[in-house]
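Please keep the sequence and the model at hand while reading.

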Protein chains: 2
Amino acid sequence: LNEIQNIVIIGAGNVATHLGLAILKTGRRIVQVYSRSEENARLLAGKLHSDFSVDLKAIYPEADLYIVSVADDAVGEITKSLRLKGKLIVHTSGSVSMDVLRSCSENYGVLYPLQTFSKTREIDLSTVPLCIEANSNDNLQLLELFAKGLSQKVIEVDSEKRKILHLAAVFASNFPNFMFTIAEKILAENKFDFELLRPLILESAMKVQTMNLEEAQTGPAQRGDEAIIMKHVKLLKNYPEFRVIYKMLSDGISGKRIKRFRGN
Amino acid sequence: LNEIQNIVIIGAGNVATHLGLAILKTGRRIVQVYSRSEENARLLAGKLHSDFSVDLKAIYPEADLYIVSVADDAVGEITKSLRLKGKLIVHTSGSVSMDVLRSCSENYGVLYPLQTFSKTREIDLSTVPLCIEANSNDNLQLLELFAKGLSQKVIEVDSEKRKILHLAAVFASNFPNFMFTIAEKILAENKFDFELLRPLILESAMKVQTMNLEEAQTGPAQRGDEAIIMKHVKLLKNYPEFRVIYKMLSDGISGKRIKRFRGN
C-alpha cells in the first residue's frame, strides 16, 4: 500500500481548514485547495502553504488523496464535475452516503470527524473521533493509516450508521446550543447578561466527561418538583413556544409519557 | 459592620460541601455542620474540620452566619424549627423566596451560586456567579463582603429575578443533559459508546464561552436542510417522544412557528 503524501482539499470552510492544518502537522503536503470563492481558496491555501484553484477542472490530477469538505448539501454537485481516474477521494459529511463519490473514481470513502468546528477556535484533532468508510479493503486500510496519523480515535462506520452518529450529534450539540439560546432570551428580557450562564454551561459539559448522565441530571424535573415546574411554566407566559418545550422536556426527564403531543 | 468569621452550615449535600470548602480557603471557620443524616453530617464535618449535629435544636446559637443549603423543597421545613435571635441566616436556593427565612431571624438573605455541583468534581467557586439578596442594606453589605471573598462575580438579585435565573439555568444545564441522554440512547441502540460524543459536547460548551450563540448554532435545522431533517425523523421511528422533540426543536432553530403544538 502506498502511503498518502500529497493531498488536495476541496472546500475551504471550517472542517477543511481544521483538517488541513492537522494534516500539515503530520508532515504531509496539501498541494492544492479548491473553493468557488477565490477569497476563501486563497486564504486557506495561504494557511496550508498550497496552491489554490477556483476551477474544478483545474484540480491537480496526481494527488494521493482528495478530500471533499463542503456543506452536506453541496457534496453532490461538486462530485458531478469531478473525474479523478482511480485516485482516492473521500468526503467528510455525516449525513451523505459514500456512494455519491462513485462517479468520481473507483476508489472512494468517507472521513467524518465527529466534532463541531468554528473559525475562531483551534481544535485538537487527536481527540476527535474520525469515522472512516471505504469501498474496498485496500482503501479502508489506506484511509485508516492516514486517519490514525490524525487522531487516536479512528472507527469504521458505514453510511447508515454514520447517519445515526450525525443524528446523535444533533442532540448532543445543536439542540443544547438552542437551549442556550432560549436561556439567553429569557435572561435578556430581564436585563441579565448571558455571561452569567457560561460557567454553568461549561461545568455541565465537563461533568458528563466523567460522570454518567443519570448522575449528572439535576433540576426540578429530575426531583419531580411539580411546584417549581409550575412556577417556571408561569414565568414563560410570554413565550408560548418555550413553554411547550419546557413542559415537554420536563416530562421527558421525569419519565412521564408525553401523550398529549403524540400523533401531532 | 462586623465581618463574618464563624459559620454554621445546615445541610450536607453538594452545594453545602463545595461552599464549605471554598469558605475554609478564605480563612474563615465552619464551626458546625447540621444534617438529618448522621453519616452525611459527620462526613462533611470531617472535611470542614467542624463539629456536627443531627439535631436542629442543638445548633450553635452564636455563629456569625447560618447557611441553609438543602434541597429547594426542604428549605421551608428546616426554617420552621430554627430560631436564631438576630443572627444572619441565608439559603442557597434558586427558586425559594428570601422571605421563608423571616421566621428564623430579623436578619436574613440569600446566597445563590449559579452553578451545578456534584460529588465527584471540584469547582472553582471564584468564577461562579453568586447572587445575593438581603432584607436590609446592612445585611446586604455584610453578605456582599463575604461573597466577594468567595467569587469575583457577585451580583444583587431579588427573589423574583432569581427565579428567572433559575429557569434559565434549567435551559442551560438540565435540558442539555437530557439531550445528551437522548443521544446516548440512540447510540446505545446502535451499539455505539457515548464516549464518542464527549469531545463534541465539551467543544460545544467551549464555543459559547467566547462565541455568540447564533454563530455557534450549526446543524441541519440551522441550514434549513429539510432533506436531512426528514431522514433524521425517519431514523427516530422507534422513539415517538424523541421524534416529537426533534421536530419541535428543529422548528425552533429554523424559526418556524410551532403552531401545531400551541394550546396543548
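## Terms and conventions

A residue is called buried when its relative accessible area is under 20%, exposed when it is over 50%, and partly exposed in between (1.4 Å probe, protein chains only). The model is a predicted one, in which local features need pLDDT of at least 70 and side-chain atom pairs count only at pLDDT 80 or more, while totals for chains, interfaces and linings use all residues. Residues are numbered from 1 along each chain as its sequence is written, chains are lettered from A and ligands numbered from 1 in the order in which they are written, and side-chain values use heavy atoms, with hydrogens and water left out.

## Chain A in outline

Chain A has 10 helices and 8 strands; helices (H or I, at least four residues) and strands (E, at least two) are DSSP runs, numbered from the N terminus. Taken along the principal axes, the C-alpha atoms of chain A fill a box of roughly 70 × 40 × 35 Å. Of its 264 residues, 57% count as buried.

A contact means heavy atoms within 4.5 Å. Among the contacts in chain A between residues at least 6 apart in sequence, 48% join residues at least 24 apart.

## How the two chains are related

The same surface serves both copies, since 100% of the contact residues of chain B recur in chain A.

Helix α5 (residues 159–189) of chain A meets helix α10 (residues 240–254) of chain B: their axes come within 11 Å and cross at roughly 50 degrees. Axes are lines fitted to C-alpha atoms, for helices over the stretch in contact, and angles run from 0 to 180 degrees between N-to-C directions. Angles under 35 degrees count as roughly parallel, over 145 as roughly antiparallel, 65 to 115 as roughly perpendicular and the rest as oblique. α5(A) and α10(B) are therefore oblique to each other. On the α5(A) side, the residues making the contact include Leu167(A), Phe171(A) and Phe178(A), and on the α10(B) side they include Phe242(B), Tyr246(B) and Ile253(B).

The axes of α10 (residues 240–254) of chain A and α5 (residues 159–189) of chain B also come within 11 Å and cross at roughly 50 degrees. That makes α10(A) oblique to α5(B). Among the residues in this contact are Ile245(A) and Leu249(A) of α10(A), and Val170(B) and Phe175(B) of α5(B).

A nonpolar core is a set of buried Ala, Val, Leu, Ile, Met, Phe, Trp, Tyr and Cys residues joined through side-chain atoms within 4.5 Å. The largest one has 127 residues, of which Leu82(A), Phe171(A), Leu197(A), Phe171(B) and Leu197(B) touch the most other members. Not counting residues up to four places away in sequence, Leu197(A) touches Ala183(A), Leu187(A), Leu114(B), Ala168(B), Ala169(B) and Ala172(B).

Helix α6 (residues 198–210) of chain B has buried residues that include Arg198(B), Leu200(B), Glu203(B) and Lys207(B). The buried residues of α6(B) pack against α5 and α6 (198–210) of chain A, together with α5 and α7 (213–216) of chain B.

Val110(B) lies in strand β6 (residues 108–113) of chain B. With 0% relative accessibility, Val110(B) counts as buried. Leaving aside neighbours within four places in sequence, Val110(B) is in contact with residues including Val90(B), Met98(B), Ile132(B) and Arg162(B).

Asp51(A) lies in strand β3 (residues 51–53) of chain A and is partly exposed, with a relative accessible area of 40%. Not counting residues up to four places away in sequence, Asp51(A) touches Val31(A), Gln32(A), Val33(A), Ala45(A) and Tyr60(A).

## Loop residues with positive phi

Most residues other than glycine have a negative phi. His49(A) has a positive phi, near 55 degrees. His49(A) sits in the loop between α2 (38–48) and β3 of chain A and counts as exposed, at 66% relative accessibility.

The phi of Lys85(A) is also positive, near 45 degrees. Lys85(A) is in the loop between α3 (75–80) and β5 (88–91) of chain A, and at 79% relative accessibility it counts as exposed.
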